[in-house]
Structures are given as structure tokens and as C-alpha cells.
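Subject: Structure handover

Hello,

Please find the structure below, with my notes after it. Read them with the model open beside you.

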Amino acid sequence: MRLRERIFDFRLWCLVFSALLVSVALLNPKVHTKKSTYSFFVVFDITQSQNAEDMVLEGRAVSRLAFAKHVMRETLRDMPCGSSLGIGLFASAELVPLFKPIEVCRNFSEIDKVIEAIDWRMAWNDSSQVAFALYSAIARVKDWGLHKQTRVVFLSDGDETGSYAIPSEGFYVDSPAAVDTPPPFTLKKGEVRGLIVGVGGLVPAPIPRFDEFGKRAGFLSSQSRLDEKYLKKLAAETGLEYVRLESARQLSSVLKSQMFGELREAEIDIRLPLATAALFFLLLGVLL
Amino acid sequence: MILGARYPWLLVLLALALLPFFWQKARAISFSSLAIVPRDRVSVVITHIIRAAASLAIASLVLGMAGIVRPERTVVVKGTGAQCVLLFDESGSMDAKFAGALNDETKIDVTRQMALEYVKKRPQDILGIAVFGTSAVFVMPFTQSREALEAAIMVQEAKLHGTSIDNGLFMALSFFEGEPLAGSRCIIFFSDGGSVLRHELRDTLRDLFRRYDVKLYWIFIRYEDEAGPFDAPSEFNLARRIYDSLLELGVPLKAYDATNPGALSQALSDIDKLEKSVIFYQTTASRRLLLYLLPPCTCVPALFDCNQTLGGEEMAKRRMTVLLTLALFLLSTGAVIEGIRLYRYFSLNRAIYNGTIVWAKGELPPEAVFSKAYWLARYGHSNSALSSLESLRYAGRYGFRSEVHYNLGNLYFKEAFKTQKSSLLFLAEESYREALALDPSAYDYKYNLAFLLKLKRKLEQNEEQEKKEKSQTLRRDKLRYTPGFRGDRP
């Protein structure tokens, strides 16, 4: 009689069902859906104007390069697994790719260390030809055959200085101090998509000078500011978007917006809903 | 072990685990009179156990939902391999045709191929990548990720101006700074000439090579008609001049003159043969969800039912079951605790045996510190070994302490030989004497001490002789420059 009484008791069934749910959760079933992942080729400007200290980080004035590095490291932490990131540097008119986009979760510490190590002392030349560097970053992504998924993220202050290079010809001509029209873009516009990120303040700031031992020695004669007008022209020429860098969160949200993401097959974890249901039935069984 | 949670705010639900203790559940049982139902102690205990089980089940479910994880941690693994930096010369000249090109490959193409081959052939090596022109660029930190290394090597081009070999070497050496010694270390340096090392930087470079204990493999990649490093020196033979300047560094160096791809693979297989020492590397064990606590706990309340009063024979049966379960539970808890302790000892012993003890941190028993010092000394880190041993000076019993002092003496003695410092000899002597005081019968100690004393006496004699000679020359000098005496005349 007691047995029958028990079998028809709904509380027992609640407990059994709860245990069942937990066992299913323990088997860790996976449900397939689509999830956004990203692929970026990030280019850092390591020319001298990036040393101008007109950015603010945690209440301290820091250089544009330091700010850009900080922001990219934060963004890296924010990228979902399955995304990939590559890094390039530019000074003068050359772009030096460090590595192609690689998966961010497996190679997290490697990418993070590389970004941390970027330094203006790595620059091989003092001049800065933003347009050529941007064009070759785009060309590089296309050469690698990654133009369908990889977006270029180009961090610069738009400071075109010094001599004007024609890299394909291998020679340099002196140009007027300020260049305000970009050279013609020869590749197909909009084929490689991406984002130009303006780093720097809108008010001209002095550029620190360093002696050969890396000690600060006053400032360079010219001042530099974020040349948004020029960068916007570059964006129009190449079909990229432009945004001014304000914070890590802002850049991260722009980069994670729909236009940069790509839907890919991904697995989601359903253990949490299963465990929640199990908890519900357990409470029913124990308390009622 | 510090635990983390994926959704820490869910831990608030832990309060639910208290509910079974306060929420009295009453089930209707028909009895003619409540007064005749006896108050039974066993039933009360069972009730408490069941409530505790229910509470535990709720708590563990909540913990599981919050995603209690053991955070990622680094694990030390042992294998064979080396820890090397691949250093590429990326000056514009590397874009020229390679001497042994089959289909118009440039020098940088060949370099890339070689590096890729190396990465594939030696999967356990920890590699970093740096490149240089006039300035040096940090490309990839030490890693074992072949994906990252290949992605970096594949995109290397010769686009930098100028060649500053010393900048490149400084950058490559900086990779080893603060890096724990993992195995044998090297820099594999691909270049095509450029400039010789700057003379004023030579000493600094040499010091760094010695400090980090790094070998240098130089692979010279040349043009069609260029002279190589092993050809006769001449004004135009830049390769030979660079080779000589590298030789002058006085660091372990092996140079290769690559005239065709075959020669390149020869260099590779050489390195392969030489760099076969034991390597320790760290890998990250990913974080783990600790959900496996759950099922036994949830099953408990499902098996029992709550709050019943029992009597008569059934009560006796239940009492037996409860006592047996309790005993079983206590026994298994004891067994588990003992098992954990045994496992700890076991892993410590294993670490002592295979040398991974070098990586151990935190408080260790004196014997473990002793073996750590032994392995450190064996891997050539005599300073760290010495400091580990010094910390043991007053630990353990007489026998152990005498061993400590004896080893200290040996290490100091060795160091004294290496650095030629007589102060270290004194330290060694003192240590031997202390060891002997603790264990006067040890023959080894006596032998070493005697040897040391003999050596010391010899040194002292030498010194005296030198002093005498010096004073003689002094006297002669004095003579020469004292007014009135002319020493310079025939």
C-alpha cells in the first residue's frame, strides 16, 4: 500500500524528472546555431607623430600609440572565439605585416604579447605616408585571398609628412609639407572592406623628440593633430568606413556591428536552461 | 586552488539551499490519535539527513548553474627540443635572386621556406620570431602554436631599409629576458650580409649571449657571384668580414654558407641533431566546468522520501541501514582524503625524479627544495641553486644538514673555479668544515676539503711570489726615478 502511495505521489516524479534533467545536462548536448565571428587585419601607425601625448587613459596623458595599443588589447579580449586577428605595422610608405589573421582564443597570449611589444622604435624610417600604407594593407589582404572575410582596421592620425614616396618606382620626391588629396587608389574600391580609425586629438599637439638612447629630448619643431578630413577622404577613396577613436568599448561595439561580422556555424551550451529546469523541479519535489 | 564563476550573480540562489530546513513539509497520515504516535529518535535523525541531502542537492545545482570553474592554469610538460628565436634579415637586398635558385626564388623566399620547414620538422620547439632592417621588429613571442608561427613566417617580406645586425641580435636576445630556462637556447639567424657588428657593442652582446646561454646559428644566403664566409678574406668579401666579427664575439657559433637549397637542409638537419636536449614547456590546461558534483546529490532525495515516522520492525531495519550508510560515508571520506594526500606525495616524488620540481612554487618540504637545488645546478643555474640551498641551512636533521652543507661547498667550489674568485673558495671551505662538523665520518667531505686546502696553499704561494716580483720591480722603478740616481745610463 505504501509503495502504491509513493508511486502516485507527484513529488517523487518531480525528483526523478529533476535527476533526469541533470543527467542530460551532464552529458553536455550541443545545439547548433549561427553565431557572428570576426576577422580583422589591424594596422598600427608607428610613425613619430603617434608619440604625441594627447590621449587620456585612466586620468593620465598617454601617447596616441599607447592608447591605440590599449584599445586593441581590450578589443581582443572582447572578441568571440572563432574570430581571427592579424597585425601589421606601418612607418614611411611600407606596411610590414607581422602575421596573417589567426584564431583569437587559441593564440590569445601570443597576439596580446605582440600588441604589447609594439613600439615606435621599431620604425625603420621617420617619414609617414598614410595613403600608401593603407593601400598596401588593402592590397595585402587581397593578395592573401582573405578579402571576403577579413576587414582592414587601420589606426592612424592621418599625418602625411616628409617626402612623398612612389614605392613601386622605388624613389622619393619631396612634397609640400601638408598633403590634402590622397593619391589615386588603383584597386577596386570597396572590394576589401574595413575601418579607418582616427587616433589623436583635434588640437595640434607637440611631438616629443627622443635622442639616440631613447631619452626624451624636447619636442620636434612641427606639431600634429588628428587630420579627420584627410582620413575621411581616404575612406571615400577606398570604400572603407571612418570612425574617431574614443574608447575601447566604442571601438569594440563598432567592430562587432553587423557589417563587420560574419555568420558562422557555432555550438551553444544548453546546460544552463537544463539545470534551471532541474532546480525548479527539485524545489517542487522537496518543498511541496 | 582558486575557483571562479561564470555567472557569479546566480550564486545568490544559494540561499534556496536553506529552505528545506525551514519549510516544514507535512504529509497527511491517518492515525486515530496523534498521542499514540511515539516520538522516535532515529526518525528525527533520518529527517535531518534527508533535509541536508535536499539542501546539498539545491546548493550543488546552483553552483553548477553559476558555472563554477577551475580557471586555466599552466602545466609544465617535458619533451625534447629547443627554445630558439628565428631572426630574419629583411633588408631590401634579400629581395634579390638567390644563388641556388631553381625557379627564380629570391633570398627571402628561400628563407621563408627554410623557416617553415624548420617549424614543421620540430614540433616541440618553442620558437619566437624577430626581423630587422635598420631597426628591429618584434614579430612573434615565444610560442608553440604552429598556427601562429606559420601565419607570421608566411607574410614576411624584404621591405625594410638597411641592415643593422647588432640591432637584430639585441632584439633576438631580448626574447630570453626573464624567460625561464626551458631547454637549450639558440638564435637562428638568416642574413645576406649588410654590415659587420659595431665594435663598441661587442662586449654588451657577448655578455647577453653568455647570460642567457644562447647559441648562434648563422645561415648566410648569398647572390650568384658573391664570396661566402668560408672563402679567402679580401676587401670585397663582406661575408667573411661579418663571419670574423661574429667569431670575435666568442659565443658558440655555427655558420652555414647556403649556395643551394640542399645546403640549407644540411644546416637544418645539423641543428636538428644538435638541439636535442630536454625541454620543459608550459601549456595551458583550459578551464573546466565542475558540474560533476551534481548527480549523486540529486539522487539522494529522490531515493528517500521526506518526513516520515516509522515504528516497529521497519524502524529497526531502517536503523541498521542508516548506521551502515553513515559508516560507509565516513569510511569513504577518509579514503578520499588519504587518497588526495597520497596523490600529492606521488606527484611531488615524480617531480623530484624527472626534474620538473625546478618549476615548483610556494612552500616545499626541505627534501624537495634540496632536489630542486640539485636540478637547478644540473641545468647550469648555479646562482638559483645556491640560494635554494642557503635557505636550507638550518632545516632538517644532522644527516640532512651535513648533506646540504656538503653540496653548498661543492657548488661554491665549482663557482670559484668558473669565476676565479678566491672569496668563493673561502665560502666553500667554510661549508665543508660545517658539513664535517655535522657528520665527522664522511670520507667524501674530508677528501674534498683536503683538496681545497691544498689548492688554496698553492694559490697563496703563487700570490706571494707575484707580490715579491712586484716589489722587486717597484724597487727597480724607484731606483730609476729617484733624483740623484740615473738608472737609464749604460
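Helix α4 (residues 146–154) of chain B lies across β4, β5 and β6 of chain B and runs at about 160° to β6(B). Here, contact means heavy atoms within 4.5 Å. Helices (H or I, at least four residues) and strands (E, at least two) are DSSP runs, numbered from the N terminus. Axes are lines fitted to C-alpha atoms, for helices over the stretch in contact, and angles run from 0 to 180 degrees between N-to-C directions.

This is a predicted model: local features need pLDDT of at least 70 and side-chain atom pairs pLDDT 80 or more, while totals for chains, interfaces and linings use all residues. Residues are numbered from 1 along each chain as its sequence is written, chains are lettered from A and ligands numbered from 1 in the order in which they are written, and side-chain values use heavy atoms, without hydrogens and water.

The sheet in chain B is open and has 6 strands in the order β6-β5-β4-β7-β8-β9, with mixed pairing. β6 (136–143) and β9 (253–258) of chain B are at the edges with a single partner strand each, so one side of each has no neighbour in the sheet. Strands β4 (residues 82–89) and β5 (residues 126–132) of chain B pair in the parallel sense over 7 bridges; two strands pair if DSSP finds at least two bridges between them. F88(B) has V131(B) in β5(B) as its bridge partner.

In chain A, 8 of the 8 residues of strand β5 (residues 84–91) are buried, where buried means under 20% relative accessible area, exposed over 50% and partly exposed in between (1.4 Å probe, protein chains only). Strand β2 (residues 39–45) of chain A runs parallel to β5(A) and is joined to it by 7 bridges, with F40(A) opposite L85(A). β5(A) also pairs with β6 (residues 94–103) of chain A, in the antiparallel sense. These two form a hairpin with 2 residues between them, and S92(A) in the turn has a positive phi of about 55°.

Over all chains there are 23 aromatic pairs. Rings of Phe, Tyr and Trp (its six-membered ring) pair if their centres lie within 6.5 Å; planes under 30 degrees apart count as stacked, over 60 as edge-to-face and the rest as tilted. Y38(A) and F40(A) are stacked, because their ring centres are 6.1 Å apart and their planes at 10°. Both Y38(A) and F40(A) are buried.

Regards
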